[in-house]
Structures are given as C-alpha cells and as structure tokens.
Amino acid sequence: MILLTRILDSFAEAFRSLHDNRNRTLLSILGIMIGIAAVISVSTINKGGNHLIFRELETFGLKSVWVFRNYNNKDPNRKERKGSGIENNDLKYLSNCCDAVENFSPVVRATGKLIIQQHNRYSNASIKGVNAKFSDIANDKLQRGRFLNTSDIKKHRSVVVIAPTVAKDLFGSSNPIGQVIRIELKKYTVVGLLQEKSRDFLSSIGSAGGQDANNRLLMPYTTLQQHNGNQNINFLRIQAIDLSVAKRAAKQVSRLLERAHKNQFQYTSETMAQYITTTNRILNGVEMIGIVAASISLLVGGMGIMNIMGTSVLERTREIGLRKAMGAREKDILWQFLIEAIIIALIGGSAGLILGGAMSIGLAQMTGFPLTPSVDIIILGLIVSILTGILSGYLPAKRAAQLHPVDALRHE
C-alpha cells in the first residue's frame, strides 16, 4: 500500500512538473510523436509494397522453374548444334524422374508472326503451345470454359484458351467460348477464357518477364508443333514440389536432359525463388533505410527529453536538496525524473501510433493496398517510446539523484 502511494505521488509530481514546463514538454512530445509515426508509416508501407509485389509474383506461380538450352557457348572447340535441345522424346523421362518436380509442361513458341483473326478483327497475342498441367504451374485461373486437357494434347485438337485482351480484341464484350477464330488459314475453337492478371508494378520496373500476361493464346503443344513442322520444345516450365527445392528441381531436370542428349547441349535455368530472394533483399534494404531515417526523428525527440530533464534538474536543484534533507533517497529522486521522461515518451509514442495509423489507413483507402499497421509494429512502437524515455532521462535523473543536499540547498 505504501509502495502504491509512493508511485502515485511520483506520477502526480511528474505531471505537475511537466505542466509547469509545458512548452518544452510539448516540443519533446512532438519530436517523439513524429519519429514513432514515421517508423510506423515506413514499416506499414513496406508491408503493403511487399504484399503488392508478391501478389504480382504469384501470377507467375511461385514454385515455377524454367529450363532451356544455353546458347552461350564459351568453348570455341565445342561444335554448335541446331535445335532447341528439348524434344518430345525427352518428356517421357521427366515423368516420375525427379523428386523435386511436381508438374512440368513443354512450352512451344510459334514459328514466325502468326495472324489471329475473327471476321475483320485482329489480335497480336503471343501464341504458345503447352500441356494440360500448364495452368497449375503458371497459376492461371479461368473466367469461363475449360483449360486444355490430355485428350486435346494426344489428338492434336485445334482448340485454344485465350486471355482477356485477346478476347476483347476479337469479340468485344461477347462471350468467346465456342467461337471460332483463324490463325493463318486454320480454324481453332475457343474453349477457355483466362482471368486477368495484374502485373502493373512489375511492368513499371521492367520485371514482368517481357510479355503481357493478358495478351496470350494457349493451344496444345502438339498442335503448334504440327504448324511449326518439327518436335522442338523451346523450354520446359516446371513446378517444384516446394519453393525451397526449386533450385534442386532445375538441376535435376538439366542433368536429365544432358544425359538424354549425351551432353550435346548445355542447359540453364531460372526460378521464381531467385526473384523472390532478390525482392526480399531489396524490400528489406528499403525498409531499413526508411527506419534509419525515421529514427533520426526519434533521436531528436530523445535529445529534447534530455534537454528538458537537464533544465528541470537545474531549476529544481533547491527542491531536490530539500527533499533529500527530509529523507528522500537517491533512488526516489532517480525514479521521479525517470517517470517524467517516460511519461513524455509514452504520450509522444501513443500520439505517434495514432498519427502513423491514421496515415496508413488514409494511404490504404487511396491506394487499395493492405496498409493496416500490424500488432507487432504497434508493440514495437510502444517499446521504442519507453526505451527512448528511459535512455534520454537516465543521465539527468542520475545527476539529480547524486546531488549533495547541502550543495543543492545553497543553489540559487
């Protein structure tokens, strides 16, 4: 009970002292508030940016792996061989061959520029031949219709799945399912319409893979090979069983192809895991720079608290001497000034959390990104506020506690 009374008295005395010096107190609170608000805003915006980028990366399929022939031959004595280095016969070796591979699809590009038309409407879509697993690997979703199936592949059917831009170019707002289009002189039936994919941010920084995901036309790879007049496969699109083994999946498939072709070709690969690692490194670096910059405001606020406490010690020297003469202990004086510093930091930190949260919510409404501050960030902000108060107020409080009663009473 006595301890509780002392604590309450200490807080009451601290509030009275801060009120008497309200101008300096307000400036210190303002410094802490701006610093905490900046830290909260930077962390929250980084979280929103992270969500945006990974949402767009997901449109590629996060476990995707690309394996293709390496045409960059550095050995002058190595004979350059024709072909893509991947053929239909290679596909039978891929089934159940690699423990890190879940799915795979050959990808065949059209030879030359094909004209896609429907009556007097045209499209310049990229044309690719794939198998029935491609939609799972590439994280493609359907608006209408169906995707290619194994029967389409085996029977070389003239069916296509189109993306939204192609549908708009050829059919406007009409339902494209069941419609017939021409590619050069051959007719194809539209069996599926893909959902739109957003890669606006990645496109703005030149990292969208060099193609418009909404301007694609997919058909059975066997059908496109018939048009091309060969069994070449431009590259393999693979889905690893997990993101962590994507690199291993790429190596397993590359080595299998090398053995199948008796080392006549060299192969290289890319994985989404590489892009994710790079993205995380960049985002973490940006967040760190932002937090360091925001921490400068906290440093300024901490120096303000130290200045207020130092001035307060100077102005209240006689009071300190009187209290010590009446029996106050050093730790009582120390706690008195530390409590004042902590109160300033807590008020400033709480105001900073409110300001930072309001800024984040405002940005979320303007951009549509998920910018709500997380509980972890809020707790971190409060902890930082308290630590700022303790660190900034300790030295003045220690100096006040160590004053000799006689010297303090003589102070004018």
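Is Arg 146 buried, partly exposed or exposed, and what is its relative accessible area? Arg 146 is partly exposed, with a relative accessible area of 31%. Here buried means under 20% relative accessible area, exposed means over 50%, and partly exposed lies in between (1.4 Å probe, protein chains only).

The model described here is predicted: local features need pLDDT of at least 70, side-chain atom pairs count only at pLDDT 80 or more, and totals for chains, interfaces and linings use all residues. Residues are numbered from 1 along each chain as its sequence is written, and side-chain values use heavy atoms, with hydrogens and water left out.

**The chain as a whole**

The secondary structure of the protein chain comes to 14 helices and 12 strands; helices (H or I, at least four residues) and strands (E, at least two) are DSSP runs numbered from the N terminus. Of the 412 residues in the protein chain, 44% are buried. The chain exposes about 22,000 Å², of which carbon and sulfur atoms supply 57%. Accessible areas come from the Shrake-Rupley method with a 1.4 Å probe, and for residues only the protein chains shown count as cover. Among contacts with a separation of 6 or more, 82% are between residues 24 or more positions apart, a contact being heavy atoms within 4.5 Å.

**Salt bridges**

Side chains of opposite charge can pair when their charged atoms come close. A salt bridge is a side-chain nitrogen of Lys or Arg within 4 Å of a carboxyl oxygen of Asp or Glu, and by this rule the count comes to six. Three of these pairs are listed below.

| Arg 146 | Asp 152 | 2.7 Å |

Asp 152 is found in helix 5 (residues 150–154) and is buried, with a relative accessible area of 0%. Not counting residues up to four places away in sequence, Asp 152 touches Arg 146, Phe 147, Arg 157, Val 159, Pro 220 and Thr 222.

Arg 248 lies in helix 9 and Asp 99 in the loop between helix 3 (88–94) and strand 2 (101–109), so the pair ties together parts that are 149 residues apart in sequence. Arg 248 is partly exposed, with a relative accessible area of 39%, whereas Asp 99 is exposed at 52%.

**Surface patches**

Patches are made of residues with over 30% relative accessible area and no salt bridge; like charges are joined within 9 Å, and nonpolar side chains (Val, Leu, Ile, Met, Phe, Trp, Tyr) within 5 Å. Lys and Arg count as positive and Asp and Glu as negative, while His and the chain ends are not counted. The place of a charge is taken as NZ of Lys, CZ of Arg, CG of Asp or CD of Glu.

Lys 247, Lys 251, Arg 255 and Arg 259 form a positive patch. Of these, Lys 251 lies in helix 9 (residues 246–260) and is partly exposed, with a relative accessible area of 43%.

A nonpolar patch of about 810 Å² includes Leu 346, Val 375, Ile 378, Leu 382 and Leu 391. Helix 13 (residues 375–401) gives the most to this patch, with nine residues. Leu 382 lies in helix 13 and is partly exposed at 31% relative accessible area.
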